[in-house]
Amino acid sequence: QVQLGESGGGLVQAGGSLRLSCIVSSRTYESYHMGWFRQAPGEAREFVAAITWSGGNTLYADSVKGRFTISRDNAKNTMYLQMNSLKLEDTAVYYCAAGGTYSIDGHAYHYWGQGTQVTVSS
């Protein structure tokens, strides 16, 4: 069974930074494409970033491009999301996801974490 666990969320002032981590409990972690999604209160879940199994390709939502960086360390079964220049509108629960398809569509991912709250204050 594949389990994902996010960490690193918290409260930060606008303009600040946070780094989220997602640890995957799977012996075949390196075979999964990975993604970050987020959901703000009253809003639909939205794509944030994705990375291929090798880490060689990445995708970003326009709203985070240039501010967020997705990366992974396959030796540690861990994916990261470095978030800089945070804005109030980045406030959401952030979820990591794993699957066999490299996609911005959440339905392409089979496994999901429980989420970590990121709150950006003014």
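I looked up the pair D62 and K65, whose side chains meet in a salt bridge (3.1 Å, N to O). I took a salt bridge to be a side-chain nitrogen of Lys or Arg within 4 Å of a carboxyl oxygen of Asp or Glu. D62 is exposed, with a relative accessible area of 66%. My cut-offs were under 20% relative accessible area for buried, over 50% for exposed and partly exposed in between (1.4 Å probe, protein chains only).

The model is predicted: local features need pLDDT of at least 70, side-chain atom pairs count only at pLDDT 80 or more, and totals for chains, interfaces and linings use all residues. Residues are numbered from 1 along each chain as its sequence is written, and side-chain values use heavy atoms, with hydrogens and water left out.

I counted four salt bridges by this rule. D90 and R67 form one of them, at 2.7 Å from N to O. D90 lies in the loop between β8 and β9 and R67 in the loop between β6 (58–60) and β7, so the pair ties together parts 23 residues apart in sequence. Strands are DSSP runs (E, at least two residues), numbered from the N terminus. D90 is buried at 0% relative accessibility, and R67 is buried at 10%. Salt bridges that share partners join R38, E46, R67 and D90 into one network.

I then checked R38 and E46, whose closest N and O atoms are 2.5 Å apart. R38 is buried at 4% relative accessibility, whereas E46 is partly exposed at 34%.

Terms used: Helix = DSSP H or I, 4+ residues; strand = E, 2+ residues; numbered from the N terminus.
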